Structures are given as structure tokens and as C-alpha cells.
Amino acid sequence: MQSGVNYRTMKSLVSNQVRIFVAIVDAGSITKAADALDMGKSGVSDALKQLETSLGTQLLIRTTRRQSLTAMGEKFYRRCREMNDLSNAALEEVSEHLAEPMGSLRITGPHAMVECTIAPALGDLVERYPRIEPQLVVDDKRLDLIRDNIDLAITVGELPDSEFKAQRIGVAKDILCASPSFCREHSLDPEVGLSPKTVRNLPYVSHHWETSDAEHRVVAREGGKPRTFKFHKIATANSVNAVQALIKNGTGIGILPHFFLRDRLGTGEFVELLPQYEPRSTGIYAIHPFGTVPPLSVRAMIDFMKQKLSEVA
């Protein structure tokens, strides 16, 4: 027999031979192990010999009437049983995850989507799957999925080229709006119908991602060519909540996403300025780093997000 075995060889022994060795010890004989494994007796015996040769030590003492473990065989068997138990536990955990999502789920999304879509979707998710532990990171910037340990990112707007999997799950429509007090101050009556020429001369509150020109593109609902015009920008903010606060306090007009404005328009907090025009729309995407087979928790959250976005469309 060989006098020793290196670590690399040891790693290669997590194999059929180890499984057969454990079966021989558990069954009490090579013959009974062959029956349990549905193998030939000679195949079981050869596997044991190959394992002992690879390890460089005898594991079993066999006679015609009985078998017993050597001192090294006893230690090796105990470790193999531990490894087998860990493997079974790992398989059971994977099976549980395939049957029911569980564990940590780290999600990021912009402020504008939390109240109307992300939070309700998370509520439905944990109600359906109570063993999921969501962590929500709200940030209007696009976080690095790997560096920030993100499982799922919800984002609005065109996407840069990326190795990550992106799925379009909805549409955000930009509604040009103002506060009622602003409309009174500037003698605006949206119900009569404002023209783009009128609104483009009004003070405008810009989002940080808008260009310096702050352009807006609309299409008449009754047909017609698209209209693009520039605003007179007087303030810029780096979050949707900040933009809506400035608009609400009469600083100027601005655009807000339709799902953010849906209930606020109904209560009179805001007034839509160009209802006769179809607003500009942008894709909403779910992005994850798991390739073509994301965890069940990620797939479930995407489904709930699609449902919530369809409800506010």
C-alpha cells in the first residue's frame, strides 16, 4: 500500500467509494452492502480496495465470519458519517427552499416606488411566505448588486449594458403637475386646457437625473405629432420626495411618476397640467445577479411587483 496521501487526492475521494464504504460498515458485510446498493459483490469489494489503496491505510479487517474497523477505519467512518449527515441536511435545506422561499432577501428601489408598489408587494410576499426575511434599502441611486449584496433591484429608466439579468415589469409615466395654490397664483386652469407653450415658461423643479435643458416630450391623446419643449429650471432635487415637496409648496411645476401621484391627484394635493396629452413613459425593471435561475424568493417578489404595478397602471 502507499504510505500516504496528499490533500488534493483526499478531496477527490468524496466519491462513490466513500458512499460504498459507509454502506459496508452500516450493513455489516460486503454481501449485505451489495444488496442494499443493488450492486454486484465484486464491485463493492473492488471499491473498498481502491479506497484503501488511495488512502494508503487499511480501513476494515475482514474474515469469513465477521468484519471490524481498524482504528483508522473507525475515525474515517465517523468523519464520513458526519459528512453524509451534512450532505443530507444541505439537500433538505435546498428542497425546502425549492418548495417554499425563506431566509434573507435584500431589495433596493427608489423612494418614489416604496409607498405605492414596493412596500405593498413586500407585504404580500411575507404574508404568503412568512419565512422570508426582507431587507429594504431605499436609494434613488442604482446600487452595485455585488458590492452592496443586493438580491433584487427595482429601477426606473434605461439600463446600461450589464451582465445581470433584467426583466421589464412595468411602466412609469411622467405626469406634469403643480399645486392648486401655484395654479391660482399663475392664473392657470388645466380644465380649460393648457398648451405646452404656456407651461414651458413656468418655473420648473427638476430631478437630478434630468439634463440641463430639462426637456419634456408629450403626444396629444386625440392624435398628432409629438411635442418636445424645454422648461425654465429654477431648482433641482435629488429625490422624488424632495421634488414633490417643492412642487406642493408652490416653488414651481414638475414631473412626478403616475403611481406616486395617483391618490394625490384625487385628493387635490396636485393638479395635472396637460391631461389632454399622453405623458412620457419609461420602463421599470427588476434586476438580479442570479442568471437564468434566480431563487424562488426573488421570483416571487418580481411577480408581486408586476401585480402591484398593474394595479396602479
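**Charged pairs and the enclosed space**

Modeller: Start with R79, which is exposed, with a relative accessible area of 58%. Exposed here takes over 50%, so R79 qualifies at 58%. Keep in mind that this is a predicted model. The partner of R79 is E82, and the two form a salt bridge with their closest N and O atoms 3.0 Å apart. E82 has a relative accessibility of 37%, so it counts as partly exposed. This pair is local. Both R79 and E82 belong to helix 5, residues 71-99, and they are three residues apart, about one turn of the helix.

The background is simple. Side chains of opposite charge can pair when their charged atoms come close. The cut-off for a salt bridge is within 4 Å, nitrogen to oxygen. By this rule, the structure has eleven salt bridges.

Now take a pair that reaches across the sequence. K173 bridges to E278, with 3.9 Å between the closest N and O atoms. This pair links distant parts of the chain: K173 is in strand 6 (residues 165-178), E278 is in strand 13 (residues 277-278), and 105 residues separate them. The cut-off is within 4 Å, so this pair counts at 3.9 Å. How exposed are K173 and E278? K173 is partly exposed, at 31%. E278 is partly exposed too, also at 31%.

The side chains of R280 and D174 meet in a salt bridge at 3.0 Å, N to O. R280 lies in strand 14 (residues 280-288) and D174 in strand 6, so this bridge ties together parts 106 residues apart in sequence. D174 is buried, with a relative accessible area of 10%.

Rolling a probe the size of a water molecule over the atoms shows where empty space is left. A search of the whole structure turns up one cavity of 30 Å³ or more. The volume of the largest cavity is about 50 Å³. Its lining consists of D174, I175, L176, H216, V218, E272, L274, P275, Y277 and P279. Strand 6 and strand 8 (215-220) are the elements that give two or more residues to this lining. Strand 6 gives the most, with three residues. What is the make-up of the lining, by residue class? Seven residues are nonpolar, one is polar and two are charged.

Now step back to the whole protein. There are eleven helices and 14 strands. The C-alpha trace spans about 105 × 35 × 35 Å along its principal axes. The radius of gyration is 33 Å, whereas a compact globule of 313 residues would have one near 20 Å. Buried residues account for 39% of the 313. Among contacts between residues at least 6 apart in sequence, 73% join residues at least 24 apart.

Technical notes: Residues are numbered from 1 along each chain as its sequence is written. This is a predicted model: local features need pLDDT of at least 70, side-chain atom pairs count only at pLDDT 80 or more; totals for chains, interfaces and linings use all residues. Side-chain values use heavy atoms; hydrogens and water are left out. Helices (H or I, at least four residues) and strands (E, at least two) are DSSP runs, numbered from the N terminus. Buried means under 20% relative accessible area, exposed over 50%, partly exposed in between (1.4 Å probe, protein chains only). On a 1 Å grid over the protein atoms alone, a cavity is a set of points where a 1.4 Å probe fits but cannot get out, and a pocket is an open set with protein on both sides within 12 Å along at least five of seven lines; lining residues have an atom within 4 Å of a point. Grid points are joined across faces, edges and corners, and a volume is the space filled by probe spheres set on the points. Ala, Val, Leu, Ile, Met, Phe, Trp, Tyr, Cys and Pro count as nonpolar, Asp, Glu, Lys and Arg as charged, and the others, Gly among them, as polar. The radius of gyration is taken over C-alpha atoms; the globule rule is 2.2 Å times the number of residues to the power 0.38. Contact means heavy atoms within 4.5 Å.
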